[in-house]
Amino acid sequence: MMSASSSDRERVQTIVDLLDDRYGKIDWWNAPPDEVMVGAILTQQTRWENVECAVDRLREAGLLSIPAIAAASPERLEEAVRCTGFYRVKTRRLVALAEFVVHRFGSTGAMDLMESDELRQALLSVRGVGEETADSILCYGFSRNAFVIDAYTRRICACAGITGTDAMLRALFEGALLGQNERYRLTHAHIVEYAKEFCSRKRCEECSIRSFNG
DNA sequence: GACCAGGTCCTTG
DNA sequence: CAAGGACATGGT
């Protein structure tokens, strides 16, 4: 058991190990870069099942690529992504990102030539791309070592008695993941799965991570 | 019918 | 900087 004086670093390592034991290798958000960028926007404040609905609709409409989105009418995009909610603002964000990629890089492939830090800054300059969205794109779309901090991560960390800014949490997890993209992907996936399983009114008390706190 | 979901932006104090 | 609201559909 963790002692009351265990450091944040130790607690994070314990969480990472506990989740790895529980879920192990899982296939999670394995998709081409264009699809990850689209999904990263659409999943904002939205359940993943609804994102899949929109992704299917976009695919059927031939709009599941950055060039296609950059050239599409807002009306067609809105119709396809309506099932994810916030469909007007998400359409604007998709178009902003697609136009940014096309104008600044020409293609998705050219983006991959950039250093991670610069690519992150570039993504953050797009209206509608915040830190979580940018890191999701980096981690899952471009296999970079960017750890995604989301609401679930904050909640689980808070339960474990770990407090701090997103930047601090990100540094803590990145310190535990040994610079391997596969571990970055898996750990964030594990956190989401665990949170969906235990961070509900009903099952919060069964969550063993609470006991790490003091 | 209330409440929440893998955020982000904008406005106020 | 912290807090509060807007954005909107779909599931419990």
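Student: How much space lies in the second largest pocket?

Tutor: Rolling a probe the size of a water molecule over the atoms shows where empty space is left. In this predicted model, the second largest pocket holds about 180 Å³. A pocket, on a 1 Å grid over the protein atoms alone, is an open set of points where a 1.4 Å probe fits, with protein on both sides within 12 Å along at least five of seven lines; lining residues have an atom within 4 Å of a point. Points are joined across faces, edges and corners, and a volume is the space filled by probe spheres set on them.

Student: Which residues lie nearest its centre?

Tutor: Trp-29, Glu-35, Trp-48, Glu-52 and Val-55, out of 13 lining residues. Helix α3 gives the largest share, six residues; helices are DSSP runs (H or I, at least four residues), numbered from the N terminus.

Student: And what is the volume of the largest pocket?

Tutor: About 760 Å³. Its lining has 20 residues, with Thr-43, Thr-46, Asp-150, Tyr-152 and Val-192 nearest the centre. Two or more residues come from each of α3 (48–60), α9 (131–141), α10 (151–159) and α12 (181–198), and α12 has the largest share with four.

Student: Which domains supply at least three residues each to that lining?

Tutor: Domain 1 (8–28 + 147–212) and domain 2 (33–141), with bounds from an automatic or database domain assignment.

Key. Residues numbered from 1 in each chain as written. Chains lettered and ligands numbered in written order. Predicted model: local features only at pLDDT ≥ 70, side-chain atom pairs only at ≥ 80, totals over all residues. Heavy atoms only, no water.
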